[in-house]
Structures are given as C-alpha cells and as structure tokens.
Amino acid sequence: MAETSKTIFEKGIWSENPVYRQVLGICSALAVTNLLTNTLLMCAGVIFTTAMSNLTVSILRNYIPKRIRMMVQVLIIASFVMMVDIMIRAGAPDIHRFIGPYVGLIITNCIIMGRAEAFASQNRPWPSLLDGLATGLGYSFVLIAIALIREPLGFGTILGFPLPARDLWWHSWTIMIMPPGAFFTLGLLTWWARAKTDPSVKG
C-alpha cells in the first residue's frame, strides 16, 4: 500500500531520521554547525538537492538502464549540487569561503544517494519529491539543533548577534567551536531522540 504524505514526512523527520536513526550525513553535522548561518545555508542546499534529485530520478526511473543507474543518479545529484554551489557563491561569497568544500561534498552524502536508490527509483514522482523534502528537513532539524547549542556556547552569539549582556556572564567554551564539540552534542541529541522513539533505549 502506498504511503500517505503524512507518513512520509513523519518517517523522514522523526522515526527514520537520517542523522540520529540511520547515522548518515555525520561529516557535515560535525563540520558546519559551529555557526547557525552556515548551518542554515548548508541545510537549504541539502533539502533542495535531496528533493530535486529524488524527483528527477523518479521521473527518469523507467528510462534508465539498471546496470548504469548508480552512475546516472550520481550525475543527477552532482548537477543539483553545482546549482547550489553557484547560488551560494553568488549570494553569500563570505560564507561560501567557509562551507564551500562541504557544499561540494553533498554529492557524496549518503542520505541523498540512499533516498534516490531506495525510494525514488521505485516510486512515483510526487511521493519521491515529498520523501526528499522530508529527509532533508529531518537532516536539517538535527543540524540546526546542534548549531543552536554550539554557537552560543562557542562564540556567545546567535546568527552573529551577541547574546544579551554577554560581557557580564559569558566565557568562551572553545571546544564547542571545534569538531569534538559537535561530536559530543550530536551524541547527546542522538541519545535523547532514540530514547524518545525506541523503548529499548534507557532514558
């Protein structure tokens, strides 16, 4: 039986979240979440790429020979990643200097390739587009949550704006702007989320 739109979104965002349930896309979760602005741009790029590559793969699924389907899927994903890279380079060149290498790595993101192969290559265009959007949103929620913890603790800012009365109480927590800070934060979020969704995990 075909999945409803609600079921697709519930799975992508919560019960089958690609980051804390499937442990995919960890490299970018560790690399770009020290600043919320960088994280938002990265998430927008992944949502766009996941949704559009799913839609394109689904539309072409009956015309792509099975023996070369993986190569075609990579080519489709790479095309959308190049669009994202060009848009960020043109609209936010300062931010692109920091996250540009990671934007290029979206091509190798296991989440996008996995959804194209597991879902879009076997389903109609509309459910595939929704699956791409839901998976991208699920990825984004986790990264934004990490960034909302790391930026205030590491820099004392949110979206680059200083926290209220920062000079009176705030002290830089350097580890939070380094990859280990992201690793610890991701671990805690994963533990919390899995405890909420899996009764066998002790809270």
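Residues are numbered from 1 along each chain as its sequence is written, and side-chain values use heavy atoms, with hydrogens and water left out. Because the model is predicted, local features need pLDDT of at least 70 and side-chain atom pairs count only at pLDDT 80 or more, whereas totals for chains, interfaces and linings use all residues.

Four salt bridges are present in the structure, a salt bridge being a side-chain nitrogen of Lys or Arg within 4 Å of a carboxyl oxygen of Asp or Glu. One of them joins the side chains of Arg69 and Glu117, with an N to O distance of 3.0 Å. This pair connects distant parts of the chain, as Arg69 belongs to helix H4 (residues 69–91) and Glu117 to helix H6 (residues 110–118), 48 residues apart. Helices (H or I, at least four residues) and strands (E, at least two) are DSSP runs, numbered from the N terminus. Arg69 has a relative accessible area of 32% and is therefore partly exposed; buried means under 20% relative accessible area, exposed over 50%, and partly exposed in between (1.4 Å probe, protein chains only).

A salt bridge is also formed between the side chains of Arg89 and Asp85, at 3.1 Å from N to O. Both residues are part of helix H4, where Arg89 and Asp85 are four residues apart, about one turn of the helix. Arg89 is partly exposed, at 48% relative accessibility, while Asp85 is buried, at 16%.

The side chains of Arg115 and Asp131 likewise meet in a salt bridge, with 2.9 Å between N and O. Here too distant parts of the chain are linked: Arg115 lies in helix H6 and Asp131 in helix H7 (residues 125–155), 16 residues apart. Arg115 is buried, with a relative accessible area of 17%, and Asp131 is buried as well, with a value of 5%.

Two packed helices are described by the angle between their axes and the distance between the axes. For H4 and H6, the axes come within 11 Å and cross at roughly 130°. H4 is therefore oblique to H6. Axes are lines fitted to C-alpha atoms, for helices over the stretch in contact, and angles run from 0 to 180 degrees between N-to-C directions; those under 35 degrees count as roughly parallel, over 145 as roughly antiparallel, 65 to 115 as roughly perpendicular and the rest as oblique. On the H4 side, Arg69, Met70, Gln73, Val74 and Ile77 are in contact with Ile112, Met113, Ala116 and Glu117 of H6, contact meaning heavy atoms within 4.5 Å.

Ala118, also in helix H6, is partly exposed at 46% relative accessibility. Ala118 and Arg21 are separated by 97 residues in sequence and by 16 Å in space, C-alpha to C-alpha.

Most residues other than glycine have a negative phi. Val23, which is not a glycine, has a positive phi of about 55° and is located in the loop between helix H1 (5–15) and helix H2 (26–31). Leu159 likewise has a positive phi, near 55°. The position of Leu159 is in the loop between strand S1 (157–158) and strand S2 (161–162), and Leu159 is partly exposed, at 39% relative accessibility.
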